[in-house]
Amino acid sequence: MGLIGAIISWIIIGGIIGLIARALMPGKQAMGLGLTIVLGVIGAIVGGFIGGLFGGSGVSGIMSNPWSIWTIVLAVVGALIVMVIYGLATKNRV
């Protein structure tokens, strides 16, 4: 898979992970699909780092096997963390 294929995969995975995280997160999130994808991709990376801290394959696991259950769970947890931080950072904006 070339660079374009990897970018498309990250966008698709980020969108799926972001949508799952938004569905699990309570309350209303004021963000569009683009921001959901971006936060999903960042969340997947954060989840990979969390997995690496606990002895998993880390971010390289996301790159090598993005569709495993463990990778998806870690990515969703990471996306939830990122979305909570985003929500706290933009809480008082109009």
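Mentor: Start with Leu39. Setting aside neighbours within four places in sequence, Leu39 is in contact with Met31, Ala79, Val82, Met83 and Tyr86. Keep in mind that this is a predicted model.

The largest nonpolar core has 14 residues, and Ile17, Leu39 and Met83 touch the most other members. The top contributor is α4, with five residues. In soluble globular proteins, nonpolar side chains tend to be buried together.

Next, look at how two of these helices meet. Two packed helices are described by the angle between their axes and the distance between the axes. For α1 and α4, the angle is about 65° and the axes lie 9 Å apart. The crossing of α1 past α4 is right-handed. On the α1 side, the contact uses Ile17, Gly18, Ile20, Ala21, Arg22 and Leu24. On the α4 side, the partners are Ile72, Ala75, Val76, Ala79, Leu80 and Met83. Sorted by type, the residues of this contact are 10 nonpolar, one polar and one charged.

Stay with Gly18, which sits in helix α1. Its relative accessible area is 0%, so Gly18 is buried. Beyond residues up to four places away in sequence, Gly18 touches Thr36, Gly40 and Met83. Compare sequence with space here. Gly18 and Leu80 are 62 residues apart in sequence, but their C-alpha atoms are 8.3 Å apart.

Follow the contact from Gly18 to Thr36. Thr36 belongs to helix α2 (residues 33-53). Thr36 counts as buried because its relative accessibility is 0%. Which residues does Thr36 touch, not counting those up to four places away in sequence? They are Gly14, Gly18, Leu19, Arg22, Met31 and Met83.

Met83 touches Thr36, Gly18 and Leu39. Met83 is also part of the meeting of α1 with α4.

The mean pLDDT of the protein is 80, and 82% of its residues reach 70 or more. Among the elements, α4 has the highest mean pLDDT, 86. Helix α3 (residues 59-64) has the lowest, with a mean of 59. Where pLDDT is low, the predicted coordinates should not be read in detail.

How values were computed:
Residues are numbered from 1 along each chain as its sequence is written. Side-chain values use heavy atoms; hydrogens and water are left out. Helices (H or I, at least four residues) and strands (E, at least two) are DSSP runs, numbered from the N terminus. Buried means under 20% relative accessible area, exposed over 50%, partly exposed in between (1.4 Å probe, protein chains only). Contact means heavy atoms within 4.5 Å. A nonpolar core is a set of buried Ala, Val, Leu, Ile, Met, Phe, Trp, Tyr and Cys residues joined through side-chain atoms within 4.5 Å. pLDDT is the predictor's confidence in each residue, from 0 to 100. Axes are lines fitted to C-alpha atoms, for helices over the stretch in contact, and angles run from 0 to 180 degrees between N-to-C directions. A crossing is left-handed if the near helix is turned anticlockwise from the far one by less than a right angle, and right-handed if clockwise. Ala, Val, Leu, Ile, Met, Phe, Trp, Tyr, Cys and Pro count as nonpolar, Asp, Glu, Lys and Arg as charged, and the others, Gly among them, as polar.
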